[in-house]
Amino acid sequence: MADMAMLRDSIMQIERRYQHDFAALYLQTGMIAVDDALKGGLRRGAVHEFMGEGHDRVLCARPTRLIAQILARTTGPVIWIMPVEDKEAPHSESIAGFHKPAGRMAAHENAPHGLASVESSRDRVGSAALTLAGISAAGLDPQRLLCVEVDPSRLVGTMEDILRTRNVTAVVADLTEPLSLTASRRLHLAAEKTSVTGFVVHRHRHPLLPNSCWTRWQVGAACSAPCRVGGRDVLSFSGGMSLSLLRRRGGDPLFWRVDTDHDASTAFPVAAALAHDTLAQGASRSRCGTPAGLIWS
Amino acid sequence: MAVNQAARQYGVQHGQFLAMARSLVPDLAAYPVTPEADAQALQKLAAWCRCFSPLVATDPPDGLWIDVTGCAHLFGGESAMLESVKTRLAAQGHGVRAALADTAGAAHALARFGLCDLTVVPSGGTDMALDPLPVAALRLDEEDESALTMLGIVRVSELRAVPRAGLTRRFGRTVLRRLDQALGQQKEALCFEQPETVLSVKRHLVEPIGTAESIAQVISVLCADMAALLQKKGLGARRVDLLCHRVDDLIQAVRVGTAEPVDDAGRLSRLLQEKIETIDPGFGIEAMNLQVDHAQPRLPATEASVLSPVSALQEKEALVVLAERLRNKPGLQAIYHLAATDSPFPEEAQMSSLTPVASGAALPRGARWPRPTRLFAPPRAIGAPLLGEDETPRGFVWQGHMMRVIGADGPERLHGAWWQHPAQAGAIRDYWIVETEAGDRFWLFRRGDGQHLWSGDGAWFVHGLF
């Protein structure tokens, strides 16, 4: 059984070289112009860097949404690695569960395995600041998502470890410091071997170091078209964004401005609220049709 | 004759003849001595005492040794631990005297001859604590004890003062060995009770091993043996202990837990191999023992075809296996899935759960409303924004910059979960999505409805960015 699995893996690795199926080689972003420019999308089995811009530089809400939208088009497990905010980590005992310091046979009658006590870690979900509602609104199924909290110093090591695991679709890591060249090479080697895609979100203000990530993206804000209803300025759709491909291997930097189409899952149901008005349906449709850049397909 | 507390109140004493005791208390309840039953009861008590430490040894006829190295902090310190030992055993009807010392011999002596019921000897203070005790405390034969008494050596301090050569000549080695064991100058091997495990496999090694590769090799052999045993019984391991017996008589233990009953040798050995870095081989490991501490019947898995490609089910299983591996890995703080709660406020709208939670049916109420992917925790306070005539924010100050709002959506009014938190009764938040000139979208909220003080104090916050 194990031999067969190994054989199957090696055959898949050989086949990958002659693969013409884009879905197996690239992660589609869903934006046609971007996919075309990248010849199919974000390369699988590589590490891609993302950073925010302006007020979003540290929070990285927009890059997070973009990554969730890209991963929503795939299947398979997604691991999100986050640094632990509080240093003391008072619950580490109960969560690490089975880790005993060497040389001591310790401890209490354990509750069933790794009961990462829901109560105790609940307050720390806030500090990790990844929201379930936002992620699932972007289309990523939370059932596929496994969150891992780890000490910032061990973050990259953990990412490499998970990148070496087969049957994982993608690993996303929130970094609190720039990625060094050595670390990025290690990550790249690990990703290449298993064809797991790595995403690195830079949640800090330090300048980025040169590294061997496949692409580097900056996701910024873009003004949406003004929309006046009555005497009041309202927001038309969920916001657009400016997407800069700052660096990529074997290519020039590129820039896009992305408007978001009216999407039932993310926008206010304005039309429903105005349903008594005969103009409602038409108005909603006409407002959809004002993209300045390109449209989410 | 041994007596209990009630009998002692009537004047019956330890070692009295039964006839004398009967004359004091005519309706005395007397039971014949049953050493086997006593030994069995002691064994049972030892098994029960494993709640304090995994290493428990019996000290017949009436004692127990508990090796609490590294366990005391779980009970809030050494004296707190002794208190807890006493109260828990008292709840079972046992009157105990306990002592905690550096060596088993000293603990034995102080528990029996110490001044108080509970004695904690600080590390390194064994000599001082033992000095005033009678020599009988040292687990000596009656012969040696009486001979020492005849020589005028009554206390341990006096025994320590006597030249060792003479003592050995006269009494043989036993006396000095007991003294050295109590003082920690000579090691004493205790025979710890093995917990009743479901399954256990053991390999003795010809040569002591110390490298990670050789340990991994032995682990895989042990796991293969264990998996064969488990499969034969139709069980799956939930908790596995690996005990490495070192040449210097110490035991290095590794414990892993599994997410579901596992009988796969590869999976077990992967879990254990992750832990190799926590094993300190010292001068070498001479035997390794793999025990399944907790096992459950395993559902027969439908065997997938060997040639079939990786299916969706296997992918889900891969996530479970990965989560299990990460949970056993030292150094990771938390591994969880996100699950929705029915709390209306966004920072409480999710919790971490052990298993993936199906969304869809339990879609949160506000799911149709836009939510940012990241929230500030805690929300960042801002000054009150400029409001338009319809209460729409027109501008606010964020990190020292004036933000002019060119479009706003809201308010989305959220009511506090008074059924969960009494403090949130009547609490109201009004959320606005505002877009600034640069195109940044902020998620603002006001605590309160702006009119009634009971709904909140009207302070403004930025909760996230879109």
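Me: Before we start, what counts as a contact here?
Reply: Two residues are in contact if their C-beta atoms, placed from the backbone, lie within 7 Å. Keep in mind that this is a predicted model.

Me: Good. What does helix α12 of chain B lie across?
Reply: Helix α12, residues 265-273, lies across β6 and β7 of chain B. The helix runs at about 135 degrees to β7(B).

Me: And α11 of chain B, which strands does that lie across?
Reply: Helix α11 (212-233) lies across β5, β6 and β8 of chain B. Its angle to β5(B) is about 160 degrees.

Me: Now the sheet. What's the strand order in chain B?
Reply: β5-β8-β6-β7, four strands in an open sheet. The pairing is antiparallel.

Me: Which strands sit at the edges?
Reply: β5 (199-209) and β7 (251-262) of chain B. Each pairs on one side only.

Me: How much are neighbouring strands turned against each other?
Reply: By 15 degrees on average, ignoring direction.

Me: Let's go through the pairs. How many bridges join β6(B) to β8(B)?
Reply: 11, with the strands running antiparallel. One bridge partner set is B:R246 with B:I285 in β8(B).

Me: What else stands opposite B:I285?
Reply: B:I209 does. For β5(B) and β8(B), seven bridges make up the antiparallel pairing.

Me: That leaves β6 and β7 of chain B. How many bridges there?
Reply: Eight, again antiparallel, with β6 spanning residues 235-246.

Me: Which residue in β7(B) partners B:R239?
Reply: B:G257 is its bridge partner.

How values were computed. Residues are numbered from 1 along each chain as its sequence is written. Chains are lettered from A and ligands numbered from 1 in the order in which they are written. This is a predicted model: local features need pLDDT of at least 70, side-chain atom pairs count only at pLDDT 80 or more; totals for chains, interfaces and linings use all residues. Two strands pair if DSSP finds at least two bridges between them. Helices (H or I, at least four residues) and strands (E, at least two) are DSSP runs, numbered from the N terminus. Axes are lines fitted to C-alpha atoms, for helices over the stretch in contact, and angles run from 0 to 180 degrees between N-to-C directions.
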